Amino acid sequence: MKASWMKRQQYLGYLFIGPNMIGVILFFIIPAIYSFYLMFTDYKFMNPNTKFTGMANIKRMLGDDIFYTAIKNTLLFLLSVPVSIGLAFIVAVILNRSVYLKKLLRALYFMPYITSGVAVAFVWMLLFQPNNGPINGILRSIGITNPPGWLSTMDSSMYAIDIIWIWFMLGYNMIIYLAALQEVSTELLEAARIDGARTWQTVRSILWPLVSPTTFLLLITGLIMTIKQFGIIQAITQGGPGNSTTVLSLFIYQNAFRYYEMGYASAVSWALFVIIMIFTVIQWLGQKRWVHY
Amino acid sequence: MNKCIATLIMLFFSIVMIVPFLWMISTSFKTPAEVFQYPIRWIPAHFNWSHHVKVWTGDNSFVLYYLNSLKVAVLSTIGAVCLSALAAYGFSRIEFKGRNTMFMVYLSMMMVPPQVLFVPKFIMFEWAGIYNTHWALILPGMFTIFGVFMMRQFFLSVPQEISEAAFIDGAGHFRIFSRIILPMAKPSLATLAIIDFSWHWNDYENALVFLIDHDLFTVPLGLQNFILENNVDYNGMMAAATAGIIPMILVFLIGQKYIIEGVASSAVKG
């Protein structure tokens, strides 16, 4: 009786998970294995004579200057993550306590995150116009005679992308912080106030340490999310000027679908996987070591 | 008093946050000569509707893009919510051999960046004959690992005693799932549906890789297409960007509570 019940549980379990599992196998697991194989071939779009080339793609990647440029640009892109998190923390702390119109403000800050990345990309493209764009207009009017070229010059383009991305992610980070701040007990804050702690002291020595697990989580997930992102960059600059905004994920996309070097793109995408895995492992270790729930 | 000042400061910065949108809407009603006029004229002297008319009735009509996006996003979302709920029930309320291993496989798939999957999916879809059709977006869109996590999280919070009582009354898992657990999960299902819909509506990367024909373009691709073809018509670009953003703003205003709660719970509890 017990055995047949167990058997039935087994069967039912597969019945519930099965439909979803089929999709996960078809659209995640098989492509992942297939991609791993493609990394060792010279697969090109619509080319029937695919050859096994062993380590050739990996050697090519390690000798490719654009690959290193892409890594450098990715690191510059990642700079936006801590900045956005810091700003979000400040906004969340203020919104969590003494303001009117809390709901409206929360919605306004969150707005960029919900809108289409492509649409906002084009809006920013115009805002950042170097000669007559509104941003440089404002900068000139406050006395900056030589404002940056933003998206149009090689040394400023990645920072312009950073600004857009900080703006885009701010609302998301803020919402997560608000959720975390709601868990902080009001008694603790009351006690601090009675002990004469000033606002700044409370924030620095009570709130900031208490939300450290959230900060850590936002940092790691933000880094992973940012590393994967290429849509906004593809829409605005396509990696230019030069290769100054070609981040790793965009480099993969362009190799695969602009140059049809799909074997090579697969190799680079696995390099991206290794980076993401490193962050995931750090997150996993970090949660055990110094994040206190 | 302090509270007033804090509100004003926050309000000021929140306006800075949405200034790009305000500028976008304002520019979409201007004449070409007014686009880069400085100081910025926020309310144009004459409202010029011609750019919006062009966006909606011209060769690249947003009516088409909206219909395509609606089809892709609605079908993907329905599939994703149903299949996630079903799998999440299996992962959280039925005990069977191999369940935890299977869940670990799900977990590990979260680490694989979408870039790894693009090329093989492209080849597979080409082979299966669904490349350059909406199915290339809808079918994979129906499977979301995030959705399984989110629903599992909720199902785990429902006391096991409820199931036990139902078992004694002779109910099976399908009955418990459809009559007890699902009705309780309505707010979670709505949250997942809204978040998932917004992802599919805004999805640019998959559409970029898997769609070629202009008739099939979804809103993000249509927007890009419009802008590439009219790259000096800045007012038209901003009218198109407005058209691209409005539906999501409406969804956000309607489902604000769900979106914000869903986003918060996905990161803090997940």
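1. Let me start with Trp150(A), which is buried, with a relative accessible area of 12%. Please keep in mind that this is a predicted model. Trp150(A) sits in the loop between helix H7 (134-141) and H8 of chain A. Its backbone deserves a look too: phi of Trp150(A) is near 50°, a positive value in a residue other than glycine.

2. You will find Gln238(A) in the loop between H12 and H13 of chain A.

3. A cis peptide bond joins Gly240(A) to Pro241(A), with omega at about -5°.

4. Now to the contact between the chains. On the chain A side, 88 residues are in contact with 83 residues of chain B. Together the two chains bury about 8,300 Å² between them, and 81% of that area is on carbon and sulfur atoms. Phe16(A), Phe27(A) and Ile114(A) supply 10% of the area that chain A buries against chain B, more than any other three residues.

5. What polar and charged pairing is found across this interface? The rule finds 0 salt bridges between chain A and chain B, while 12 residue pairs are in polar contact, with both residues at pLDDT 80 or more. Helix H1 (residues 2-38) of chain A gives the most to the side of chain A that touches chain B, namely 23 residues. Sorted by class, that side of chain A has 64 nonpolar, 21 polar and 3 charged residues.

6. The largest nonpolar core comes next, with 194 residues. Those with the most contacts inside this core are Leu95(A), Met174(A) and Phe257(A) from chain A, together with Trp23(B), Phe62(B), Phe155(B) and Phe210(B) from chain B. Helix H8 (residues 157-183) of chain A gives the most to this core, with 18 residues.

7. Apart from its neighbours within four places in sequence, Phe210(B) is in contact with Phe118(B), Lys121(B), Phe122(B), Phe125(B), Tyr131(B), Asn132(B), Thr133(B), Ala136(B) and Leu137(B).

8. Over all chains, the structure holds 4 salt bridges. One of them brings together the side chains of Glu261(A) and Lys44(A), at 3.9 Å from N to O. Glu261(A) lies in the loop between helix H13 (248-257) and helix H14 (262-289) of chain A, and Lys44(A) in the loop between H1 and helix H2 (56-62) of chain A, so the pair ties together parts that are 217 residues apart in sequence. Lys44(A) counts as partly exposed, at 34% relative accessibility.

9. Glu261(A) also forms a salt bridge with Arg60(A), where the closest N and O atoms are 3.4 Å apart. This pair links distant parts of the chain as well: Glu261(A) in the loop between H13 and H14, and Arg60(A) in helix H2 of chain A, 201 residues apart. Arg60(A) is partly exposed, with a relative accessible area of 36%.

10. In chain B, Asp233(B) forms a salt bridge with Lys54(B), the closest N and O atoms being 2.9 Å apart. Asp233(B) belongs to the loop between helix H12 (219-229) and helix H13 (234-268) of chain B, whereas Lys54(B) is in helix H2 (residues 50-57), so this pair links distant parts of the chain, 179 residues apart. Asp233(B) is buried, at 18% relative accessible area, and Lys54(B) is partly exposed, at 34%. Back in chain A, salt bridges that share partners join Lys44(A), Arg60(A) and Glu261(A) into one network.

11. How many residues of H12(B) are buried? The count is 9 of its 11 residues, and H12(B) is mostly covered. Among the buried residues of H12(B) are Val219(B), Pro220(B), Gln224(B), Asn225(B) and Phe226(B).

12. A last stop is Thr214(A), found in helix H11 (residues 212-228) of chain A. At 12% relative accessibility, Thr214(A) counts as buried. Beyond its neighbours within four places in sequence, Thr214(A) is in contact with Ile176(A), Tyr177(A) and Ala180(A).

Conventions
Residues are numbered from 1 along each chain as its sequence is written. Chains are lettered from A and ligands numbered from 1 in the order in which they are written. This is a predicted model: local features need pLDDT of at least 70, side-chain atom pairs count only at pLDDT 80 or more; totals for chains, interfaces and linings use all residues. Side-chain values use heavy atoms; hydrogens and water are left out. A nonpolar core is a set of buried Ala, Val, Leu, Ile, Met, Phe, Trp, Tyr and Cys residues joined through side-chain atoms within 4.5 Å. Buried means under 20% relative accessible area, exposed over 50%, partly exposed in between (1.4 Å probe, protein chains only). Helices (H or I, at least four residues) and strands (E, at least two) are DSSP runs, numbered from the N terminus. Contact means heavy atoms within 4.5 Å. Buried area is the accessible area (1.4 Å probe) that two parts lose on being put together, summed over both. A polar contact is a pair of N or O atoms within 3.5 Å; within protein, one must be able to donate a hydrogen and the other to accept it, and residues adjacent in sequence count only if both atoms are side-chain atoms. Ala, Val, Leu, Ile, Met, Phe, Trp, Tyr, Cys and Pro count as nonpolar, Asp, Glu, Lys and Arg as charged, and the others, Gly among them, as polar.
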